Each structure stands twice: as C-alpha cells, then as structure tokens.
Amino acid sequence: MSWLFGLNKGQPEVPPGLPVPPAPPAPPAGSSGGGGDKPKDKWSNFDPTGLERAAQAAKDLDNSRHAKEALDLSRMQEQSTQMEHQSKIKEYEAAVEQIKGDQIRVQAEERRKTLNEETKQHQARAHFQDKLARQRYEDQLRQQQTLNDENLRKQEESVQKQEAMRKSTIEHEMGLRHKNELLRIQAETKARAQVERENADIIREQIRLKAAEHRQTVLESIKTAGAVFGEGFRAFVSDWDKVTATVAGLTLLAVGVYSARSATGVAGRYIEARLGKPSLVRETSRFTVAEAIKHPVKMAKRLKSKPQDALEGVVLSPSLEERVRDIAIATRNTRQNHGLYRNILMYGPPGTGKTLFAKKLAMHSGMDYAIMTGGDVAPMGRDGVTAIHKVFDWAGTSRRGLLLFVDEADAFLRKRSTEKISEDLRATLNAFLYRTGEQSNKFMLVLASNQPEQFDWAINDRIDEMVNFALPGPDERERLVRLYFDKYVLEPATGGRQRMKLAQFDYGQKCSDIAKRIEGMSGREISKLGVAWQAAAYSSQDGVLTEAMIDARVDEAFKQHLQKMDWLHGDEEAQTRTLTRPLAGATAAVGQMGFTLPLSEAPEAQEVIAPVLESSTKLEGESLAPLSDIDQPAEGKSAPPAGQDCDDAVKAATEAESLAPTDSEGKVTEKQDKAASPPPKDGTPV
C-alpha cells in the first residue's frame, strides 16, 4: 500500500519475476541544490507534510464507515494492476517467441539459399567437367580420325604404287608376248609358203582328180534318176486307170482348197461384222465377245442397266434443253416402233456438251452408241472406203439400233467442188454418201462439228435436224459451276478418304460470283476449272482449299480463256486478209467458225447466191473469182445453215460452175481451182 503514502510515486512498478533496475547514481559529492557550499544529507530535502496528510487520511479512513470497502477497492485495483502486468509479461514473452521463430525462419531461409547456391555450384562444376570430358573426347576422336585418314592415305598411295608397278609389268609382258607372236607368225607363214611352193604340182593334181571323180559321180546319178523316172512315167502313162484317178484327185483337191478358202473368208467377214469392232470406232457400248471376256463384271452391269435420262449431267439453256428432250423422246419412240431414225447435226463451239449428249441420247433411247472421229479417216488412204463399209455393215447388225456419232465430222466430209482433197478421201466421202443416202431403221447418224459451213452439200442434204450448242448463258454457267464444285470439291472434301479440306465461306454466293466472272467460257473449260480447284487443294501444305485459292484459279483460267480468244480472232483476221476480192458492198468477211451468229439471224440461201446469178454475165472476160465469193458471205451475215434451201443453192452453184472455163476433159482449169479453193487455216496466203 505504498501508494497510499505517496512512495515510489512517479516511478514505474517492476512486474514480479523481472530484475529490479538499478537505482540512479547518487549525485557527486560536493554538489548542492541551492548552489551553496554546505553539503547536505539525504533528509535535507524531506517534506513531512505528505506524511502528515497520509496519517491524517489513514485516521479518517479508519474512522469512516467505508473503510472496508475502500480497502477492498484498493485490493481489487492492485489485483487488476497485477493482471495487467501479467498480460504485458505474456505479450512480452509472445513477442520474444515470435522473435525466436523469425530468427529460426531467417536461419532456415539462409540455409536454403546456401544449399541452392551450393547445388548451383555443384551443377556448374559438373557441367564444366562434362564439357571438358566431351571436348577431350572430341579431341581424341579428331586425333584418331586424323590418324586414320593419314593411314588410309598411306595405304592408298601404297596400293597405287603397287598397281602402277603391276600395270607396267603387265604391259612389258604383253609387249614381249606380242613380239614373240609376231615372230612366230612370220616364221609359220614363211614355212607354210615354202611348203606350198614345193608341193604346188602335187596339190594341183589332187584337185584335178577330185573334180573328175565328182563329175563322174554326178553324171551317173543323173543317168540313174532319168532311167528311174522314165520307167515310172512310161508305166504311169501306159496305165489308164492311174491317170484317171490322179486327174480326179487333183481336181477334187483344187475344189476343196478353193471351197475352204471361200468359206473361211465368208465366215470371217460374218464374224467380223457380227462380233468384231471396226478399226474406225473409237468407243462403243455394244456387246462384243472380246470385251465380255476381258471385263465380264462390266458387261453384266451394262446388261442390267436401265435407260437413263437424256439430260442427266447435261446443262443446257431452257430452249435448247426442251428441243433436245423432244429429240430424245422421238428417238426412243422411233426405236420402240421400229421406225426410221432421223439424222442430226450438232454444231457449236468446242466443249459445249455435244459428245456427252450423244451418249446420253443413246442410253436414254436404249440404243448402242459408237463414236468415231473424222481425223481417223484421212490417214487410212485407200483403205478408207473399206473401213467405212465395215462400219456401216457392223452398224446394220445391231439388234438394239446403233447411234453412230461422228466427232469432228468436217475433217473428211468437206466440200468436193471447192476444196483440194485427195482422191482417196473423195472416194471415202462418196462411200459415206452412198451408205447414208436413205433413212435407216438400223442406225442413227449424229454429226458434230465446230465448222459446219465446210460440209459438202450432199452431207447437208442428209441432215434432218440441226441443233446449235451455244456457249452457256449466266444461268447455265452458274449451274455448271455448282455442278463441278460439288463433284470436284465438296464430295472429295466430305468423303474423308482424300487429303482435301474446305475452308468456311458461303459456297452458294461464291459459285454465283464465279459464274458472273467467267462469261464466255464453255462447259469443258468450267469442268477444267473444277479440276484446277481440286489440284490447288492437293498442292497446298495443309490440304485446305481457301476462297483466295479459288479466286486465283478463276482469274488464271479466265486470263487463259481471253488469250485463246485473242488467238482465234487473230487467225480470223489473218484469213480475212488472204481471201480473194469480196462482193460489191461488202467490207469484211465473217470468221471461219460456224457459231458466230445464232440460227435466227442466218440469212436465206437466196441472199447468198443472188450475187452469183448477177455476176454470171461477167464470167466470159473474167476468171472465176466471183465463185470464191459464193462461199464467203457478206459482212454481218454468217453462212446459211446446212439443209436450208439446199436445192436452190445446189442449182445456183451448178449453173455458176457450168459457165467456168474448162479444159478438154471437162475439168475446171487450174486458175479456177486456185480461185475457188479457200485459204489454208493457218492464215498463210495461197
């Protein structure tokens, strides 16, 4: 209860359990508080009033009735103070423990860093030692390689020296052997010559004796054979029965040989006409024994196949599609009713679907088809007539009816009067005209050409139907682009069996845009464009066909198409410059292609031949230059279509030719022939 008396006032109390701080040092001796020289003791500054007041307070407290409560309150204050000191002591101890934990943690961190640094040093030391070991091993290998190379070089030099020594030794031996052989041959030759000179008379005598003996032997053999044959012939002639039997036997033998030869020829021609395929036919769907043996499964599928749609896979304009569908239906009904087939001419630019439609027409009608090309006829020469007859004989034996498709027919069906063709080709053309002079219920003739104006007039007379396969329009181009995009791009990309993928973009819109950009391209060119897209995907690194790749291929294909058109127009201009004088009022000639104008704009035959009739009065003092103008229509008009007013045109041309100067044999003179013949296709002047 020191606080009651004011003791230790102003000094902090030391908690129990802690060391008591030392007392402040005593002031030095001789110092004084008031500045005097008189020394003072420890009680000189004591104030007794505080003790008096404390004593008085204790007395008052003892006399008070609240003394016990005050004592309890003071005791509680003392206890609370001690508890506060206890809590401070605990906090101090916790702080000390935390400091110890931090020290342990710092030591552990330092130890870990030390271990990491040691590990890095060990690794660096191991890496350096490994590097030194590798370098030392590489140096050893390099030294070993150098040593091996040196040893190999020394061995090669040694081998070369040995080889050179052996070669020189062999050459020396060969030289010595050659000299010895020459000496031996010379000695043998001299000895043989000397022996022959010494024995010349003996050798001549031996030869003479052998010749005499051989002559005697031959003479005796001839005498013996003559006697034997003579006796036999005399005995044969004297016996009439033997002579009769011999003559009858030879006669029967000759008859048998001739009959067998004739029968074999007839059977061979029959088998060839029935079963064999003519050499001019390039492709056919007709059943043959050879194809059945080679491809039995294919022939079985062909026999089980059903008639297909004539326009399946063929994209045409609506008007042309309606017309060819009518032709397909009429052909099918004609076959079913055993009627007469109509001959068709299909003309137009290349790649517009003529061959494809001919095959589809035959399959739709239930007929067999045979494809031949006009370029195969001219090289056959004299055999062309026989080949043409074989083709038509073979066509006449078909039970289902045969569609004979002649591709590039203008190659051998050219005009006979205005073109210089060989006699063999002329005879082949006459044979073709003879076999197609009448309608047939066995075969149907379909001609395809890019230049129908070059056909002979007799060929035009045999055409019953003409179909113009023009270039595809905008709608047809879009259908073709979609068709070949599905065939060459979408199907391989979605099939999963090929290395091809397709990027994500609007396929339908892209096909529509491409159709607008490729104006003027044919169906074949569009199909090749689809193949080009497929090739672009296959040539890419990841096999993905992107929109940029498609556009690049389209631009390249259209650029090539424009280049082809420039070449075509250039050829037409070159041929125009080499033509003879045009008709009055005409300024230029049309191109040589047969599809410059549609059929509706073709002029009448009278318009083309009228100038011929007007110029017939001027032919007496002039050459036949106007005749060359007959075949060259005026500017802005194309040649008349084949089969249109054919009789009038032939009559007018015949009258014009009758007025031309001829020679003694009735042939047109060379001057007229040169004027009437058209210029060559390459544009060179005649």
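Residues are numbered from 1 along each chain as its sequence is written. Because the model is predicted, local features need pLDDT of at least 70 and side-chain atom pairs count only at pLDDT 80 or more, while totals for chains, interfaces and linings use all residues; side-chain values use heavy atoms, without hydrogens and water.

Start with the open sheet: 6 strands, ordered β1-β3-β4-β5-β2-β6, with mixed pairing. (Strands are DSSP runs of E with at least two residues, helices are runs of H or I with at least four, both numbered from the N terminus; two strands pair if DSSP finds at least two bridges between them.) At the edges sit β1 (283–284) and β6 (465–468), each pairing on one side only. Strand β1 runs antiparallel to β3 (residues 368–373), joined by 2 bridges, and glutamate 283 stands opposite isoleucine 371 in β3.

Helix α7 (residues 318–336) packs on this sheet, touching β2 (344–347), β5 (443–449) and β6. Contact here means heavy atoms within 4.5 Å. The direction of α7 makes about 145° with that of β6; axes are lines fitted to C-alpha atoms, for helices over the stretch in contact, and angles run from 0 to 180 degrees between N-to-C directions. Helix α9 (residues 383–396) lies across β1, β3, β4 (402–407) and β5, at about 150° to β4.
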